[in-house]
Amino acid sequence: MHPIIRLVNRNITISLNPGFLIWQIIFPLIYIFVAGFAYAPLISNVPFGTKDLDYPAFLASGMIGFNIMNSTLVSGIIIWNDRRHGMFEQIMSGPFTRSHYILSNICTIGVIGLASASLIALVGYPVFFESVEFSLATIPIIVFGAITGSILFGSLASIISTRLRSSEGFNVVINTVFLFFAFVSTAFYPAQGVPEPLRTAFFLNPLTYLVDVIRAGIFGSITEFVILEMLVLAGMAAILFVIASKLLTRLDF
């Protein structure tokens, strides 16, 4: 078996514990079926591209992007635990290199990100199925968003894990950063009508681009602005991936 595949299998095995699976399923369910329908009487329709969506459909599609981001925390947690418990030295004593380790983490977050997106799409489908417009053009856009978003946020989690040494600092920083991304984005509410400077903050947030790309793929609303968001998302993912790779290559475990 190839060393990268062996490490990916190891990463997925230690990551997919019952607590993680419950968090990945129960938390989105609460938002989609409780918050979505609770706020529906207050928010009748939400404009997105050329369409008007009901709020439960808008929120359910946003939770796909949110869950992709949330699941990629695994990358930072794996690196952090390997540093803390001396696992990296044990891995390097086997037939593995730093390149194998870095690539396996990227593959892991890609697999988990796609699985997470598929899971929430399946759970949320009864909510937004009336507005869905899948096609041969839109499905690759959803896959592109899921993979690119996974790499972006997984790389960010990896960067944070390499720069912090205390467990308290790691937990505080990574949870604060990802909480900010979650609620200062279009995952839960649209950017239209949001006052400045909060509106500007929305579009400095990579989760906004990920969520908009996923929504565009689901509802078939591909506009020039969405294409621009795809380019920005890919650019940010590439930059963070390069930074994370360099830090991991030079890291003294």
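Predicted model: local features only at pLDDT ≥ 70, side-chain atom pairs only at ≥ 80, totals over all residues.
**Entry 1: confidence**

I began with the scores. The protein chain has an average pLDDT of 82. I noted that 96% of the residues score at least 70. Where is confidence lowest and where is it highest? Helix α2, residues 18-39, has the lowest confidence in the chain, with a mean of 76. Helix α10, residues 206-219, has the highest, at 90.

**Entry 2: α1 and α6**

Next I looked up helix α1 (residues 3-15) and helix α6 (residues 98-128). Their axes come within 8 Å. They cross at roughly 50°. The crossing of α1 past α6 is right-handed.

Which residues make the contact? On the α1 side I listed P3, I4, L7, V8, R10, N11, I12 and S15. On the α6 side I listed H100, Y101, L103, S104, N105, C107, T108, V111 and I112. I then sorted the residues of this contact between α1 and α6 by class: 10 are nonpolar, six are polar and one is charged.

**Entry 3: α4 and α6**

I stayed with α6 and turned to helix α4, residues 73-84. The axes of α4 and α6 come within 9 Å and cross at roughly 145°. Here α4 passes α6 in a right-handed crossing. From α4, the residues that meet α6 are V74, S75, I78, I79 and D82. Their partners in α6 are Y101, N105, T108, I109 and I112. The contact of α4 with α6 holds six nonpolar residues, three polar ones and one charged.

**Entry 4: α6 and α7**

My next stop was helix α7, residues 138-163. Its axis and that of α6 come within 8 Å, crossing at roughly 130°. This makes α6 oblique to α7. I recorded the crossing of α6 and α7 as right-handed.

Helix α6 brings I106, I109, G110, G113, L114 and A117 to the contact. Helix α7 brings V143, A146, I147, S150, I151, G154 and S155. How many charged residues does the contact of α6 with α7 have? It has no charged residues; eight are nonpolar and five are polar.

**Entry 5: aromatic rings**

I then checked ring pairs. Two values describe such a pair: the distance of the centres and the angle of the planes. Counting rings with centres within 6.5 Å, I reached 13 aromatic pairs. One of them joins Y31 and F188, with ring centres 5.0 Å apart. Their planes stand at 50°, so I wrote the pair down as tilted. Y31 lies in helix α2, and F188 in the loop between α8 (167-183) and α9 (198-202). The pair therefore ties together parts that are 157 residues apart in sequence.

**Entry 6: a cis bond**

Last, I looked at the peptide bond between E196 and P197. It is cis, with omega at about 5°. P197 sits in the loop between α8 and α9.

Conventions:
Residues numbered from 1 in each chain as written. Heavy atoms only, no water. Axes fitted to C-alpha atoms, helices over the stretch in contact; angles between N-to-C directions. Helix = DSSP H or I, 4+ residues; strand = E, 2+ residues; numbered from the N terminus. Left-handed = near helix turned anticlockwise from the far one by under 90°. Contact = heavy atoms within 4.5 Å. Nonpolar A, V, L, I, M, F, W, Y, C, P; charged D, E, K, R; others polar. pLDDT = per-residue confidence, 0-100. Phe/Tyr/Trp six-rings, centres within 6.5 Å; stacked < 30°, edge-to-face > 60°. Parallel < 35°, antiparallel > 145°, perpendicular 65-115°, else oblique.
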